[in-house]
Each structure stands twice: as structure tokens, then as C-alpha cells.
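This note is written for a colleague who meets the structure for the first time. Please read the points below with the model open.

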Amino acid sequence: MREKIREFILSRFMLDAKPEDLKDGISFLETGVIDSTGVVELLAFLEAEFEIEVEDSEIVPENLDSVDSLCRYLESKGVTVSPP
Amino acid sequence: MLLGDFLRNSARRLSPKVACVCGSTRLGYGSFDEQANRLAHALLDAGVRRGDRVVVFLDNRVEAVISIFAILKAGAAFVVVNPTTKADKLTYLVNDCGATTIITSGQLSSVVSEVETAAESLRAVVTCGWEVSRHGTLRNRRIDFEHDLVGFSTEPPRVRCIDMDLAAIIYTSGSTGRPKGVVMTHRNMVSAADSITEYLENVEDDIILNVLPLSFGYGLYQALTAVKIGVTLVLEKSFAYPYQIVQRVREERVTAFPGVPTMFALLLQMTDLDPADFDAVRYVTNAGAALPPSHIARLRRLFRKARIYSMYGITECTRVTYLPPNELERRPTSVGKAMPNCETFIVDPNGNPVAPGEVGELVVRGSNVMQGYWNLPEETNKALRPGRHPWERVLHTGDLFRMDEEGYLYFVARQDDIIKSRGEKVSPREVENTIHELAEVQETAVVGVPDPILGAAIKAIVVKTEGARLSEADVIAHCARRLENYMVPKIVEFRDGLPKTTSGKIARAQLKADEQAAKGMGGETV
């Protein structure tokens, strides 16, 4: 799950960066990695890739603003860590 | 009256009152004024002189507002640049306006360090934020917001400008592909701020939410008018998390909600909104692009106690018209009439006024009109033409309008190719030039296509060179690296060729018409 998220962020929003540049704890908003239309794309990716439905009230930085947050959020939605 | 006097006057009267809220930071007027004084002294110490240009390259945060007023206090002119601007363009802007200093954050410092070597006029870099920059050349003086300002005085510097002096340069996209610097004096900006606060009827206990970039005239004036009246400005960096914005509106009891149609579209997409959260809002404004009538009805249901103002303005004169809220029901597609202390005319190509119902170019007359474009005399002379008297010049907006029998104005279309996406101007030429940097591209044309959220989405039609391999993602990624976020194409279409006019140029009008037809929509371009 973590790897899928990292791959999506790196390929869609951090084109010139190396994988080690994406720290799992950094805030996307603070570092400008994702902007308002980026969040819309991120949501589309989460719903399609992990087959969940995101409530309006769940669209908050606590759930979406870093790789770590995304993993926690997905786990809370019942998505299990897939085997490698 | 100088623009910076707004802060001095409000701080004198309202010292402990919160001027600006951003994240967990609450900045009082007194502290705001003191920090701006300190930074002004630091800028003077770093060699900034009256009339110098200082770039503010920050996202929406308290340091950005402090910087704007510090620069004014130092007698210099501020140039706020969109924080998603990439290094090449930032270098161009710094060189174009000959900025001597740039104020930025730790997060953006790597972009600035690329600029420092190529920007000839830069002498100093001021940085704020948790990650102090270690990059950059040694030639430039470095000032750190958190540590270096304490050594400077909190008393106002003794620099004094007159209201004819330069206050700001605001860059706007041009159809040639190069951004143009709109030159504003203190008088221009104070006049615009006075007109705006008059028709919005701002009061001291207003609480204004600003999610719009400060690099955009519409966003900048939220901050300027807020300080003028002495209200609280609630700054947010982005509309990325609408739910969070809604919480802010509720918690801070926001009374003013300025937006562009994209924001309203995203807001109205949310399903579990409680109108009670918006009951403190007493006015909503729209500018940047036309507000679809279907949204107006839904916004009324959400903002139950608010007056809704449909407005029109361009960077070259800040704002022009507003529709009195009580006319919105009768004329939902009108942008109203000229604001106080400003006049408009609709003229034919010979400069003669047209009759109601006829389409012509909108011309603006008033103290809010710019002095011209920085170092672009030809462009300036096209936009500013002789007015009523031999000594005055009026602004030709480049926008086509018509007027109804009662004089209410309706936007028809732009005269040039400029696309409005997310309420911001995008120059197709600028995007095309960027796409042409790819070796695999033989020809390209960029058009706007109707989009329910963005207003117009940017679409690139690309013809590849013989045998070249290039994907949609490649084109989009390349643009994302080079352009501001709102300019990046959403859609890329590959074709074997582009339609040409008889003179061999790309037939843009036909491409545009094809797109409108494909979407089954005709009429107004946004």
C-alpha cells in the first residue's frame, strides 16, 4: 500500500525528484507538492486504486497530507497492507 | 495618502486587534506594524532605496503581508510573484523589473538559489520559515526573518514617498507569451482600495477570508482593503481542502467570502455542507470569470445571509465594475456598472461609443488605471489611449462588452486568445512555447475547452515530429516543470496536422470553434 502511494505521488507530482526525496512524513501542502486540483486527482486515485469511498468530511490534511497520513487513513478505512 | 499608511493608521487605532490569522498564527496590528518596520529597516540596511523593486516570492502567509508593508515603508515597490513559478520564469521576472531583493521561504529557497546566479540585479535574499536556506551565492546578503530582524528598530523608517511614486508591479500574462508588469503608483492603489471598500460597504468588524493568491490582484486587494479598514484577514494557502476552509469559516465567524468560479464549483460539489456554518458571511464576491447562473441559486441557499456581488476587473486597473446584489436576480449574467470614482465606455474600433445591445470594447477611466507596462512602451500605448481631455489616458481593456438599456454591462468575450482557467489568465502562446521545448514536438496549439470546475481547461493539441515517441503524460510533466500550476494542460491530444489559414498560420479560431462544437456549447468563452 505504502509503495503504491509513493509511486503515485512521485510519478504524478514530483517529476524531477528522486525516490529518497519523498519523505513519508512531510506535508504535501507545506512543501507545495500537491495543490487544490492535485487533491482532486489524489482522491480519484485513492478511490480507484483502493476501492474506498471518501466522505467530504474526510478530505482533511490529517488524512491526506503526507504518505504516513495516507497509510493511516487507508488502514482506518479497512484497506489491508497488500503483500509485496 | 500612501498605501503603507493603511497599516500605520490601523495599527495606531487598533493595536491589539488581530490583523491576520494564518494556520495557528495570530498577528495583532501592533505587532504587524512593528515587524514591518523592522523588516523595512533591514531592507534599507541591505541597500534598498526609494523606487527599488522587491520581489515577494511566498505563498499566502503572514510574512507575505508583513513583507508587502515593509517594502512600502522602505519607499520601495513590491512585486508579489506566484509561489508555483518555476526558476526560469522567476529569473525572467526578477531581471525584467530589476529587483534588488527577494523575500522568500525555506521551502522555495531552492528555486531562488537557481535564480540568484542568473539575476543580475539581486543583492539580498530574505528568508522565513522553518528551513533556513543554505543554498545560494555568497554575493548576496542574506537576512533571516526569525533571527536577523530583532536587531532593527520598531520605529517607522523616515523614508517618505509621494503618491505618484511606484507602489507595486503586478505581473499579468500577455498573449505574446511574455508576462507584462502592470505599473501601479500609491495613488492608483489607494484609489482602487477606496472604491472597493465603498461599494462593498466594509466595516471594522468584518472578517475577510482570503484563499486567493496574493500574486493575483483580486487576492492582493483582500489584504490591502483589510488593513485599510482595520479588519481581520484570515489567510489560507489553497482551496485544496475545502472542508478545512469551511471549518475556518465557521470557527473564525468569517463575514466576507471572495472567490472565483472554480472555488465555488468545488464548494458546491461537497454534499454534506450545513448552511448554518456560513451564516456569519454577510457578503460573497465573484471575479476572475463569469459565475454560472446555476451556481448563483445554489450559492444563495448555502450563504443564506449574504449579499452576492458579481464583479469584473483586470490587473491593469484592479477592478472596474460590480453588480449591486439586489440586481442579481434580474440580471444574473451582468457584471454591473462602474464602481465609485471610475467610469466605463463601450466603443467601436474607431473609439466611438456604441448603442445599448451593440458589442464593443470596454474602456475604463479613473485613478485606478495603471501607469503602463514596465519597460513596454509599445504595449503600453496600445492599452492606454487618449481620453476625454488632451492630458489624460484611458484603458482599453481588450474585453468585448455590451450594455443593456439601463446601462448594465455584460462581458461577451476577450479580443485576444487569453484563456481564463481557475479565474486566472493563461497565455496560449506561453504554454505553446513551453511545449515546443520538447524535441519531439513539430507543431502545437493550445486552446481553452469548457470545464465545469475550471471554467476553461487547458488543452494542448500536438503534432509530433516524424517517428517521435511522446505521451500525454510526457507533455503534461514537461509543462508542470516549467509553468505555474494553473497553466499546465489538463488534456493533450495528438493529431497528424493542424488546420491552417490562407497565410499559413495555425487557424486558432477554427480550433476553438471545433472544441466548442464538440462539447455541444456555443457562445460565451470564459
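1. The structure is a predicted model, and its local features are reported only where pLDDT is at least 70.

2. Contact between the chains. Chain A and chain B meet through 15 residues of chain A and 18 residues of chain B. On the chain A side, seven of these residues are nonpolar, while four are polar and four are charged.

3. Domains of chain B. The domain assignment of chain B places domain 1 at residues 32-185 and domain 2 at residues 419-518. Their C-alpha centres are 33 Å apart. Each domain of chain B supplies eleven residues to the contact between the two. On the domain 1 side, nine of the contacting residues are polar and two are charged, with no nonpolar residue among them.

4. Helix H4 of chain B. Which residues of this helix are buried? Helix H4 spans residues 87-97, and its buried residues are Lys89(B), Leu90(B), Thr91(B), Leu93(B), Val94(B), Asp96(B) and Cys97(B). An α-helix has 3.6 residues a turn, so residues three or four places apart point the same way. The buried residues of H4(B) pack against several elements of chain B, including strand S3 (53-57), strand S4 (77-80), strand S5 (101-105) and helix H5 (109-118). Strands S8 (166-172) and S9 (180-185) of chain B are also among the packing partners of these residues. After H4(B) comes Gly98(B), with a positive phi near 60°.

5. The largest nonpolar core. This core contains 163 residues, and those with the most contacts inside it are Leu43(B), Val54(B), Val56(B) and Val79(B). The element that gives the most to this core is helix H3 of chain B (residues 62-73), with nine residues.

6. A separate core of 24 residues includes Val447(B), Val449(B), Ile461(B) and Val492(B).

7. Strands S25 and S26 of chain B. How do these two strands run, and how many bridges join them? Strand S25 (residues 441-451) and strand S26 (residues 455-464) are antiparallel and are joined by ten bridges. The hairpin between S25(B) and S26(B) passes through three residues. Ala445(B) has Ile461(B), in S26(B), as its bridge partner. Ile461(B) is also included in the second core.

Notes: Residues are numbered from 1 along each chain as its sequence is written. Chains are lettered from A and ligands numbered from 1 in the order in which they are written. This is a predicted model: local features need pLDDT of at least 70, side-chain atom pairs count only at pLDDT 80 or more; totals for chains, interfaces and linings use all residues. Two residues are in contact if their C-beta atoms, placed from the backbone, lie within 7 Å. Ala, Val, Leu, Ile, Met, Phe, Trp, Tyr, Cys and Pro count as nonpolar, Asp, Glu, Lys and Arg as charged, and the others, Gly among them, as polar. Domain bounds come from an automatic or database domain assignment. A residue is buried if 20 or more other C-beta atoms lie within 10 Å of its own, exposed if 12 or fewer, and partly exposed in between; C-beta atoms are placed from the backbone. Helices (H or I, at least four residues) and strands (E, at least two) are DSSP runs, numbered from the N terminus. Two strands pair if DSSP finds at least two bridges between them. A nonpolar core is a set of buried Ala, Val, Leu, Ile, Met, Phe, Trp, Tyr and Cys residues joined through C-beta atoms within 7 Å.
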